[in-house]
Amino acid sequence: MVSISLVLFDHSVYTPSFPPSLNRLDDWCVPGDLGVRFFFVISGFLITWLLLQEQARTGSVSLSSFYIRRALRILPVYFLYLFVLGFFTHYSQSAASWAVNLTFTTNFFWSPFATAHLWSLGVEEQFYLLWPWLLMRALRRPENEATLLKILTVPLVVAPLVRLIFWKKWYPGSWHIFFQDGSFFSRFDILAYGCIAAVLFMHRRKLLEAFFERHARDVLLGGVALILAPPSLQFFPFHESFLAALGHSIQAVGFCLLLLPSILSPDRGFHRFLNWKWISHLGVLSYSIYIWQEMFCGTHKIVFGSATRTWWTDFPFWIVSALLAAHLSFYVVEKPLMRLRARYRAV
């Protein structure tokens, strides 16, 4: 719920009626795609945790079942959005843009506004083509925890280096797609931090519980401080290269520090509000909200073909439109598929 709220607030700046006084707050507190980075951490944690649980219960990991579950979770709503956008609105983009959307490569080649947000799904799906296979092979080794952590250090080193090279433009122009901001290679460390949190949660749970029990307040403040550190450091002269390389990494660690205590002690302190019914409901809907929100984000002209502003694409009503579309999508498409997905879960 927190991550999708950050996305909606950040995207509100694209609506003509967004109050100018809030622009500075958005630039400082919600820089760029902060909400998406939170999504990545959560996604890396959940997928890794579920695979490790499957290994613990059954003694193995079924990659075929994993990919079927992922397909049933991601593809129906994803392709429905593209179908509605392409056939039931005035939206138009090149055949090349439709091709990159359909092949989950928007993060490498990009596309216009109403489909540009699909870059994040490209990063996730590319990561999950690789990570479950590596995890399964690592679990066959005696020291599988150490092996998993060694594998996951690779993106932690590579991605900041790629981001620095991109910032400094230390690459041939023909290699731009590999170093650009949304490239898999510049973002896969954020998912890896979530994966590392899941590995530690699986193998070091008692130590984590004891640590967070003793230092609950310090962990909370530390997590928030790390998330706010990159925008705060912009006032220092050395910030540009440092933040280009490590800004995302710092925030990912901060997210992990907030995520793990919320799972270990969901009914205590600050984390209790996450269990409120309506917040949990929005959390369940977060994927649908993310997919549909771009259709209504100040898009009266490019999506709905209106020369004048329309209330359902203006702030704050565009958020209501996105929520209504997400609810319809969830109850008509996603929820009926949950029973089918359950057949491919390990027992």
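Colleague: How many helices and strands does the protein chain have?
Modeller: The protein chain has 17 helices and zero strands. Both are DSSP runs, numbered from the N terminus: helices are H or I with at least four residues, strands are E with at least two.

Colleague: What kind of model is this?
Modeller: This is a predicted model, where local features need pLDDT of at least 70, side-chain atom pairs count only at pLDDT 80 or more, and totals for chains, interfaces and linings use all residues. Residues are numbered from 1 along each chain as its sequence is written, and side-chain values use heavy atoms, with hydrogens and water left out.

Colleague: What is the radius of gyration of the protein chain?
Modeller: It is 20 Å. A compact globule of 347 residues would have a value near 20 Å, so the two agree. The radius is taken over C-alpha atoms, and the globule rule is 2.2 Å times the number of residues to the power 0.38.

Colleague: And what box do the C-alpha atoms fill?
Modeller: Roughly 65 × 55 × 50 Å, along the principal axes.

Colleague: What share of the residues is buried?
Modeller: Buried residues make up 49% of the 347. Buried means under 20% relative accessible area, exposed means over 50%, and partly exposed is in between, with a 1.4 Å probe and protein chains only.

Colleague: What about the accessible surface of the protein chain?
Modeller: It comes to about 17200 Å². Carbon and sulfur atoms account for 68% of that. The areas come from the Shrake-Rupley method with a 1.4 Å probe; for residues, only the protein chains shown count as cover.

Colleague: How many positive and negative side chains are there?
Modeller: There are 29 positive and 19 negative ones. The centres of the two sets lie 7 Å apart. Lys and Arg count as positive, Asp and Glu as negative, while His and the chain ends are not counted. Each charge is placed at NZ of Lys, CZ of Arg, CG of Asp or CD of Glu.

Colleague: Switching to rings. How many aromatic pairs does the structure hold?
Modeller: The structure holds 34 aromatic pairs. Rings of Phe, Tyr and Trp (its six-membered ring) pair if their centres lie within 6.5 Å; planes under 30 degrees apart are stacked, over 60 edge-to-face, and the rest tilted. One of the pairs is Phe-108 with Phe-178, which is edge-to-face, at 6.4 Å centre to centre and 70° between the planes.

Colleague: Which parts does that pair tie together?
Modeller: Phe-108 lies in helix H6 (residues 106-109) and Phe-178 in helix H10 (residues 176-179), so the pair ties together parts 70 residues apart in sequence. Phe-108 is buried at 14% relative accessible area. Phe-178 is partly exposed at 38%.

Colleague: What about Trp-311 and Phe-317?
Modeller: Their ring centres are 6.1 Å apart and their planes are at 80°, so that pair is edge-to-face. Trp-311 is exposed at 57%, and Phe-317 is partly exposed at 43%.

Colleague: Which residues do ring pairs link into a cluster?
Modeller: Phe-66, Tyr-67, Phe-127, Tyr-128 and Trp-131.

Colleague: What does Ile-151 contact, leaving aside neighbours within four places in sequence?
Modeller: Ile-151 is in contact with Trp-131, Leu-134 and Ala-138. Contact means heavy atoms within 4.5 Å. Ile-151 lies in helix H9 and is partly exposed at 23%.

Colleague: And Thr-147, buried or exposed?
Modeller: Thr-147 is buried, at 17% relative accessible area. Thr-147 lies in helix H9 (residues 144-168). Not counting residues up to four places away, Thr-147 touches Ala-138 and Arg-141.

Colleague: New topic. Where is the cis peptide bond?
Modeller: The cis bond joins Phe-315 and Pro-316, with omega about 0°. Pro-316 lies in the loop between helix H16 (286-293) and helix H17 (317-342).

Colleague: What is phi of Phe-104?
Modeller: Phe-104 has a positive phi of about 55°, although it is not a glycine. Phe-104 sits in the loop between helix H5 (95-102) and H6. Phe-104 is buried at 12%.

Colleague: And phi of Lys-169?
Modeller: Phi of Lys-169 is near 60°, again positive in a residue other than glycine. Lys-169 is in the loop between H9 and H10. Lys-169 is exposed at 60%.
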